[in-house]
2 protein chains.
Amino acid sequence: MAEAATRRRARGGGGAARRAERSAVSVETAKFIERKIPNFEILNEEALETIEAHAETVLEEIGVAFVNNPAALERWRDAGADINGERVRIPKGLARKLCSTAPSSFTQHARNPDRTVEIGGRNLVLAPVYGPPFVHDAAGGRRYATMADFEKFVKLGYMSKWLHHSGGTVCEPTDIPVNKRHLDMLKAHMTLSDKPFMGSVTEPSRAQDSVEMCEILFGKEFVQDNTVMTSLININSPMTFDDVMMGALEVYAQNNQGCIISPFIVGGAMAPVSVAGTLVQVLAEVMAGIAYSQLIRPGAPVIFGAFVTSIDMNSGAPTFGTPEASQVTYGAGQLARRLGLPFRSAGSFTGSKLPDAQAAYETANSLNMGLLSGVNFMLHACGWLEGGLVSSFEKFVMDADQLGALHKMAQGVTVDQDTLAMDAIAEVGPGGHYLGCAHTQANFKSAFWRSEVSDFKPYETWSEEGARDTMALATERVQYLIDNYRQPPLDPAIDEALTDYVTQKKASMPDAFM
Amino acid sequence: MAEAATRRRARGGGGAARRAERSAVSVETAKFIERKIPNFEILNEEALETIEAHAETVLEEIGVAFVNNPAALERWRDAGADINGERVRIPKGLARKLCSTAPSSFTQHARNPDRTVEIGGRNLVLAPVYGPPFVHDAAGGRRYATMADFEKFVKLGYMSKWLHHSGGTVCEPTDIPVNKRHLDMLKAHMTLSDKPFMGSVTEPSRAQDSVEMCEILFGKEFVQDNTVMTSLININSPMTFDDVMMGALEVYAQNNQGCIISPFIVGGAMAPVSVAGTLVQVLAEVMAGIAYSQLIRPGAPVIFGAFVTSIDMNSGAPTFGTPEASQVTYGAGQLARRLGLPFRSAGSFTGSKLPDAQAAYETANSLNMGLLSGVNFMLHACGWLEGGLVSSFEKFVMDADQLGALHKMAQGVTVDQDTLAMDAIAEVGPGGHYLGCAHTQANFKSAFWRSEVSDFKPYETWSEEGARDTMALATERVQYLIDNYRQPPLDPAIDEALTDYVTQKKASMPDAFM
């Protein structure tokens, strides 16, 4: 708390009491996770080699489709692929060779240098939910998302200590025209937060707008030399690379901006029902996508993505936090590391309609698996509900709180003279207790991760306070964070230039809602 | 379902419709988990050796206390320990040497041989919550547990496919005198279920009663030659072995019955605040306890136990599903394997007062950690609420459902010509979908684990059906399982003999409620 307070600048307005209260709110952001624990390796060497060999066969014999994109076909032809219509068949070894120019890790700069993240290696960067058209909270239920909701999520993300990244489409602001909402979304990330963020991918021109807005925020030269966005390029599984996504990838790669290249797989629908078959397809798809990014610009920063869910074969509904999805993710992490690429997967996944026990089981399954599978960039790390149709305010803060546990877990176990605590064991002895001993007194503040949402009070106290469940506690937490939100400072000239850019862009075209 | 139906025997009574409905209910029990995935190893060799060396130092220099137990002190003296009052100092190497006669795995027989479990090796046996004085459900809230509640939990355990073990004190039947309730509890496990169970440990005489009741159920000779109970012997951490628990251990070890020998640690109170220090103490305690069991009877079956929670240093409340508890458990698993002993830890732990999101996050954290840490016997695997004060009916079935995911996860990833699914990938090709392809049709029934509690329906359907949260769905599931419960058959002569034993024992002493 004190640390947070010293980081805050005194501001005008409001009484001393309110200032004191506000300055007591933590707006510190934890550094991205640097793992000191091993990864969980579910596949042995033979299994990995078999999957890799089969992925090469898929690329060579079945191939992938680059649709509505003659220039991409030309690039592939020049690189040595066999082109037949829109089908690109890639000789064994070629995709992997092309992938080798992609960096094993890269720096994504934030406008606040303290928030800059390093994506790759042993690191884990956490970013919020992406994409839902609906929002949900206890007071308003489920409803279409608006720009006001979007801004509220960006503020919550800024106030969330364990979240390193502001994300992208934290919800779809459906009250803003489709062809203009990216402008408002980017401006919100740029001005309401100082954490790193994602660019637009819904049209190549919007990717270009994202780059131009970053040039205003960071300076044109800085953007030429540095990565300031990491954007989400989904592969249309199975094995289809559409022109919109590839167009956005082309813009970002040309500008040396980061992209997650990610199959979007509901197992049994967009990939085989088996884990091994899904891994073959995921690897083939990602290698083709990353190879293509390197054809655009060798060295362009990219992430090996794997969005994988399973399916309820009775209803066809996607299911989340399931063991099969975990098995795919553990395996995909191993494959990504063998390619020497940063890995994106996992998130606060659930199929539940409410932030209830189902939601939390599924989310915890997925978050734990994400940590242990070696994920480097976790999109959807908080706030996801109902299979990604809904961004939940309460679940956002509930999940964001749980991310603190991942930080602590990742620190691993230090074994040294202090932590071995032999003096304490001798001091306390059989039948004693440790609460008052010197070692406990010296270490208790940092010894245990502490939730800021969960309730540990005795039953009677909890009961007197209203017998609140996690949802009710989270509703309060959302309000607390929003009440205490203060906008991070930004050069007024930059703010004005961004506003001008958005105004002019919006004026340059009619509204479109499709 | 069909498989379950064929396992059921036709019974008299009731109409055909009711029989058909009942026979459709699954009463199959999954085989205990046989892991085909690696363990997660958080400590390296150097850390493990350091912790082991320090545990030996603790035993030699600080020692442990065996209180009110002169015979135990005599046994230790004969074995070579240094005795000073009730303090037992164990020379380096002695405890580990004594532990070496304990088996690395053992068979616990159930009266239904299909339910017999193998505890140790790569296996994981799941048993329900143990010990709470309260129960909770949606209809009745939180209240003192009764024998009727106890029986209901035993029935739920019997009906839970993923639960291999009927457990012990699934709740404390507080309406039965303290000195007699073990008789009713054991009779319930023996007659309402056919899964393996635990014996009483609250007095050595009650352990003896447990053995005698097993002699009725299994036959006297069978019990002499076989392990038919696994009972819970808690160490009074730090480093105190009380006469009640040791007395029960002595009875069970003499009779070759299984015991979990388990420190009960709230970190920071009963052990140092540091993970490494806790591991030193846990190892010292367990080695002393298991060594003692082997002094009673070399070869007696035992389990290396570790019940570890952390503490909220602000309030002193125990906290569950935390990263520090996971780190201790991962480490303890490694230490247990190096001792060549079965390992007990983890469970459906939570500090929450309700089966809400907090409960599920904490439980899922703990269940996943339990699977990956190599636990062989997981007590409290379902039904635990409010730090172990409460057995929750709804949470019992919610957790028991999640245990299915552990089974699937533990199967690992099979990589062979069928699972690689190359024919399917070729058949479907870029842009196609897998739902109808031959590989999916051949494999979809077993491809994905399916929850029997969670909801995956579309929002509109879910909404029309009452917008039920997990708690509401679980309430229905509890009722469904109880409605469909049918008692497993038991030789009427054995049933009568058990009743006679309980009646006579109860008549032989006045009621005691302390």
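In which sense do S5(A) and strand S6 of chain A pair, parallel or antiparallel? They pair in the antiparallel sense, over 4 bridges. S6 covers residues 117–120.

Some ground rules before we go on. This is a predicted model, where local features need pLDDT of at least 70 and side-chain atom pairs count only at pLDDT 80 or more, while totals for chains, interfaces and linings use all residues. Residues are numbered from 1 along each chain as its sequence is written, chains are lettered from A and ligands numbered from 1 in the order in which they are written, and side-chain values use heavy atoms, with hydrogens and water left out.

Now the terms for strands. Helices (H or I, at least four residues) and strands (E, at least two) are DSSP runs, numbered from the N terminus. Two strands pair if DSSP finds at least two bridges between them.

Back to S5(A), residues 105–108. Its side chains alternate. Phe106(A) and Gln108(A) point to one face and are buried. Buried means under 20% relative accessible area, exposed means over 50%, and partly exposed is in between, using a 1.4 Å probe and protein chains only. In a regular strand the side chains alternate between the two faces of the sheet.

Let's stay with Gln108(A). This residue sits in strand S5 of chain A. How buried is Gln108(A)? Its relative accessible area is 0%. Across in S6(A), Val117(A) stands opposite Gln108(A). The side chain of Gln108(A) also reaches the backbone oxygen of Phe197(A), at 2.7 Å. Leaving out residues up to four places away in sequence, Gln108(A) touches several others, among them His165(A), Pro196(A), Thr227(A) and Met229(A). Contact here means heavy atoms within 4.5 Å.

Next, another strand in chain A. S10(A) has 6 residues, and 5 of them are buried, so the strand is largely enclosed by the rest of the structure. S10(A) pairs with strand S12, residues 258–266 of chain A. This pairing is parallel, over 6 bridges. Ser231(A) stands opposite Cys259(A) in S12(A).

Now a sheet. What is the order of its 4 strands in chain A? The order is S9-S8-S19-S18, in an open sheet with mixed pairing. S9 (141–144) and S18 (384–385) stand at the edges, each with a single partner strand, so one side of each is left without a neighbour in the sheet. S18(A) and S19 (residues 390–392) run antiparallel, joined by 2 bridges. There, Leu385(A) has Val390(A) as its bridge partner.

On to the cavities. How many cavities of 30 Å³ or more does the structure hold? There are 8. A cavity is found on a 1 Å grid over the protein atoms alone: a set of points where a 1.4 Å probe fits but cannot get out, with lining residues having an atom within 4 Å of a point. Grid points are joined across faces, edges and corners, and the volume is the space filled by probe spheres set on the points.

The largest cavity is lined by 31 residues. Nearest its centre lie Ala364(A), Asn365(A), Asn368(A), Ala364(B) and Asn368(B). Helices H12 (323–339), H13 (357–372) and H14 (393–410), from chain A and from chain B, each give two or more residues to the lining. By class, this lining has 20 nonpolar, 11 polar and no charged residues. Ala, Val, Leu, Ile, Met, Phe, Trp, Tyr, Cys and Pro count as nonpolar, Asp, Glu, Lys and Arg as charged, and the others, Gly among them, as polar.

Last, some backbone details. A cis peptide bond joins Ser237(A) and Pro238(A), with omega about 0°. Pro238(A) is in the loop between S10 (230–235) and S11 (240–241) of chain A. In chain B, a cis peptide bond joins Ser237(B) and Pro238(B), with omega about 5°.

Asn68(B) is not a glycine, yet it has a positive phi of about 50°. Asn68(B) is exposed, at 55% relative accessible area. Asn256(B) is not a glycine either, and its phi is positive, about 60°. Is Asn256(B) buried or exposed? Asn256(B) is buried, at 14%.

How values were computed: On a 1 Å grid over the protein atoms alone, a cavity is a set of points where a 1.4 Å probe fits but cannot get out, and a pocket is an open set with protein on both sides within 12 Å along at least five of seven lines; lining residues have an atom within 4 Å of a point. A polar contact is a pair of N or O atoms within 3.5 Å; within protein, one must be able to donate a hydrogen and the other to accept it, and residues adjacent in sequence count only if both atoms are side-chain atoms.
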